[in-house]
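This report describes charged contacts and surface patches in a protein model. Please consult the sequence and structure shown below.

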Amino acid sequence: MSEKKYWKGPEELHGDPSFIEKKKQEFPEELPVFYQKEDLKLSASRRDFLKILGFSFAGSALAACTRMPVEKAIPYLVKPEEVTPGVANWYASACGGCAASCGILAKTRDGRPIKVEGNPEASLFGGGLCAVGQAHILSLYDDERLKGPLWQGQSVSWEKIDQEIKAKLAGAGRVILLTQTLTSSATRALIDEWKKQNPSLKGQWQLDAVTYEPMSLSALREACEKHFGVRVVPHYRLEESDVVLGLNCDFLGTWLSPVEFASAYSKRRRVRENNKENFLKHIQIETSLSLTGSNADQRIPIKPSEEAAVALAVLNELMKLAGQSSLSALPHSINAADIQSIAQQLWKHRGRSLVISGSQQIETQSFVLAINSLLGNIGTTVDLDNPSQQNQGDDRAVEEALKDMESGRVAAVIFYGTNPVYSHPEPERWIAVLKKVWSISLSDRLDETASLATAVCPDHHALESWNDAEPVAHHVVFQQPVIRPLRESRQAQESFLKWMGYEGNYYQYLKEYARSRYFSQQSGFLSFDAFWDHSIQQGVFETSESARKNYSFQGSLSEVVEQAKSQKALWALGMEVSFYEKIGVRDGRGANNPWLQELPDPVSKVSWDNYACVSPAQAKKMGLGEGDVVRLKDIEIPVHIQPGQAAGAISVAVGYGRTHVGRAGNGVGVNVSRLRSVHGGVVMSAGSVSLEKAGRTVELACTQLHHSMEGRDIVREVSLVDLAKASHEDHGKKEKLITLWDEKDKEGHAWSMAVDLTNCIGCSACVIGCQAENNVPVVGKDEVRRQREMHWIRIDRYFNGPEDNPQTVYQPMMCQHCGNAPCETVCPVLATVHSSDGLNQQVYNRCVGTRYCANNCPYKVRRFNWFDYAHNDSFNYNMNSDLGNMVLNPDIVVRMRGVMEKCSLCVQRIQEGKLAAKREGGPLKDGDIKLACEQSCPSQAIVFGDLKDPKSRISKLNQDKRHYHVLEELNVQPIVGYFSKVSERSSGGHS
Amino acid sequence: MRPALITGKVTLNELTQDICQPLKTKPGAGWWAGFLVALAALALGVGLVAYQIKVGIGTWGLNKTIGWAFDITNFVFWVGIGHAGTLISAILLLFRQKWRTSINRSAEAMTIFAVMCAAVFPLIHMGRPWLAFWVFPYPNTRGDLWVNFRSPLLWDVFAISTYFIVSLVFWYIGMIPDLATVRDRTVAPLKKAIYRVLSMGWDGSHRTWSRYEILCLILAGLATPLVVSVHTIVSMDFATSVIPGWHTTIFPPYFVVGAVFSGFAMVTTLLVITRKVMGLEKYITITHLEAIAKVILVTGSIVGTAYLTELFIAWYSGNAYEQFAFKNRITGPYGWTYAIMVFCNVITPQFLWSKKIRTTPAILFVLSIVVNIGMWFERFVIIMTSLHRDFLPSSWSMYKPTFVEVGTFIGTFGLFFTCFLLFVRVIPVIAMWEVKSITGGSHE
């Protein structure tokens, strides 16, 4: 037999020496590894082989001994190009947590998203992300999401349901599309196209898109239309203001675009960057103590009925200053001196001041616009030319649509991101309508409205969707999917296109839209594909804003005064009540998110519930105690005694009492939407209600039971004036304390962290950021009541001063990583030890759970696993389902019961940063390692770095005269430090 | 003239007869009732501990701020109870206090059982009790990972285990002559075989006695420092920490005296019942009870002084945290526990100045129980009220025990009394050989 010689290439045929050399190796081609070759000095001697053999044998024998359930990891047979196991990929996208549409980066590991963070490229938002945004990744893995479309409650295929819907719509006539706020310009264009579409079918096709928001800004939009002729929500320029007056407006917490505002606010109050001259002065006048109000330099509580009167009083005072004749005044409770001083400060900063109100009383909004107009703020800090699209709710249009539906003039209604049966003040009207009008819901779950709808076509989660968002005109954020859809859901826009009969998918539509609209507005890229790839990669596309114009104020103010006088009926029902959103649950959309339910409200520190905030004086007068249940109309709700709450008014949070949202959110709190009145077509954010005691008491799940610092030196406060005067010595007492221990020499790095209490606004974004990063379990209401929440970082909130209007300070508290750690000496089994670079480390698998370390921790930051929180039916949250567990960070172990845990200063991120620097062969650069809390902070209050690097930010900050350690007299030598809070509060200092 | 240590004239034979009587006869209804109640309590405790180990420490009322409460309170309480036994058998032996002879056997038994009850808590209070063996410094393959010799909890492990072993050996060695007596009097073959093995071939020769008494003295010498060391080290669990209210140098003597105080109270409780039920009034006389009462009076007064000293030092230190901790103990939400503690431990013992009260067993019985309640509250006050409000007010918290915690505590009483009731049925409850040395027959 003749021997044929097959050759692979000319090298082999000609016997190229380098080829022959390569051929001898086991793997002639380079192995596809992420690490560079130098890192992989793979050499194994016989001894190594025997060691490994012995280890694997012993290991498998040991593994066989345990009762651990076997969970098979399946490696990729064919590895996707961009996925390297164990290495994270980051994708830019847009946040779907609320309509603020912040730019985000989504971290994926092995193809699944595990964390979202703010996109630093999105200049509008500053790179942070709020608690809701960070938690919305958990909703992706929500078990309650529908598996596929439903037709009359039955599971059907998409083809089938599309046929049915198309047939129905074709002969329908008038169709109402009730949408959530659409920040996506492409989606609005699509709907416009759909509206115009004449399917040339029988029946009169008329599509009306109506935007419904449970907490709309209708009054503001209407006032803008009335007085400036533009029906918009202005874009507020906090960063350009010197004085801001908030009137019932929680702009740092829940209102319109909190991340953007928090970022701008902190930029203007960042004393550590020598920003002392133009420190933003903040005055807040409000009913309930909001997150925003708690940060104000001056805060005045008022009843909601006084809102318009107070705005008018400020306006009158300003008119005096401007030399105009003032309007007739209305009665209010603020003393004249305060009004005068507020007006003077605003007047002094004309054109650089800002008054914002979240009120739904049109009169208040009119006065506020008049104030801004008088101050020359329109066109400077109040931007009507580049408006915000982040809340487009239009109550009047919703009311008209509802009336039309009731009167039978509407054939079908489509709910996109809306759930009026839950959130509308008059749900029974919607229920009645849904009985006669044919309806489609695009909800991702069988919510209160969807369960009554004819068809349910579940929408994707934001992280599965393609989209664009233009939260503020000319600031575009792109949304790209970071995972293949987990369910048989379909993006809402895709459904619209299907029903329109459009060929092709929404991705193509969006691309075409971007080509026609965005590509033309730029000049950096010649080819659209390059532009598109770049924009998607960056996640952000910004064009120059339209020039800001001054609008002249139209309309008669004395008419508005007359109107305001006639509003007495609104407040007639006994107790005045204002409605607000809580930081985590907001309007209730994310109510099935256990992270958000367990997030303590920064002000009340209550989780897992809503409640009626009652002022201490009012509670005393009415004999109410914490947790006493009261009846508001026919709704029973527990009382929370809230210092700072206006006397004579209560405040209740919307967003609770969901019945069809899922196992974590159903039945949590009570739904108070029915208490809201509709007044002149606007759903009011305040009103009045009858109040009586129900005669029982419940226990609220409060994470902080004591609210005074007891005169202890925990949060230091200093006024701007004193700061300038103070020297290093008299500012922080840096006594040299002696110690019995040897000075520990730190090798390599000396990590340190500092939290600037001037900038921490208490928003709790870091709490959720940490929870997502470190697999912190949810323990539920009962366990929080037992004071067993597991958060590694908490926001301590202290009040000082008078109970009716206290000053509030926030202090993020996490493991302080003491150099002389009290926890380390007491552990009998060395389960908590010190690293060479200064970290206090907890070794979970060594811990036997004596809890001595937690007892001996002066900061009480250690958290004990009282139960198994994962795979335990008693804790039926995300960690009890396979899908919910997808969100877990694979770099972090899930702790079993009986072990202690605590903040590790994100040791996995430190390791990752160190490895990356090593791989790149350079030194670690300051700022390369960002901890989860630091990264998430919208106001950039947290700085982490290496003290061994003399040029690092932290090295400089540790020299600052405001820098101090909490409880430094104990000489535990923490590496986490704080900066005294600087404010313009009239009487700073400790309680 | 000192009063006679036992009343009436008894011959040595009568004494043996009297004391061995319970070992021969069937137990009476009273014993059965007591035994069943104790057994039921023990069963409750075992069930609850099993439940708690299966489900988690979360079944207790602890939280993020209060990591120890009922568990360690009970631990210190039981360890304290044990102290009287060792004190009576070792220190009083060295001081040649003859009156101890009638009561040392039962007091030592009490020590053993109390330490057993105490040892339950450090074990079950762990989050992962199945790994409790990690606290022992045994040779292993984990390399550098060993125990932490800086941790007071580790010192506890050594202190308690040493104490238990020495007490057990001392108790057992002290029983050998009596076991031999029982062996010789027993007819039933199985019982006889058991007593034969236990009495280790005791032959009663002069040589045996001579060696035996030397051994007893050596063991007494070994046990004596333990009386002081065990509770000193237990107190260091708190004294070496940073928590205001725990971080106190007075703790070692204060804990030791408190332990003796509570231990003697428990001895009183047990003996008043035992002498009555088992008809041993002849041997455990009013004189004995009065001597014990005097010890209670002295130690109780020292404890009261310690309370005042603590308050003074808190004021004198000028440390705001320290001052707050003590103010909070007295006037805070758990002020009532402090009030109970002061009433039971400081006021109650002062009644013992009256001879009438010292010599009335019924009153002594009530007083001893009051003292033990007070001493339990003392530990609760120290442990819980210091933890519940420490440095940062944001973490201040409240504590309420759960059914599981209370049930487990009851369970340890079940264990204690079950053991004690079995003890009185199988072992001579009074050291016959020692009492014989002080009866009129052989003494003076």
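Is A:Glu225 exposed, partly exposed or buried, and at what relative accessibility? A:Glu225 counts as partly exposed because its relative accessibility is 37%; buried means under 20% relative accessible area, exposed over 50%, and partly exposed in between (1.4 Å probe, protein chains only).

The model is predicted: local features need pLDDT of at least 70, side-chain atom pairs count only at pLDDT 80 or more, and totals for chains, interfaces and linings use all residues. Residues are numbered from 1 along each chain as its sequence is written, chains are lettered from A and ligands numbered from 1 in the order in which they are written, and side-chain values use heavy atoms, without hydrogens and water.

The model scores are ipTM 0.94 and pTM 0.91.

Over all chains, 67 salt bridges are found, each being a side-chain nitrogen of Lys or Arg within 4 Å of a carboxyl oxygen of Asp or Glu. Three of them are tabulated with their N to O distances.

| Pair | N to O distance |
|---|---|
| A:Glu225 and A:Arg231 | 2.7 Å |
| A:Arg663 and A:Asp143 | 3.0 Å |
| A:Asp634 and A:Arg674 | 3.4 Å |

A:Glu225 and A:Arg231 also belong to a salt-bridge network with A:Glu222, A:Asp394 and A:Arg396. A:Arg231 is partly exposed at 30% relative accessibility.

A:Arg663 is partly exposed at 33%, as is A:Asp143 at 26%. For A:Asp634, the relative accessible area of 48% also corresponds to partly exposed, and A:Arg674 is partly exposed at 33%.
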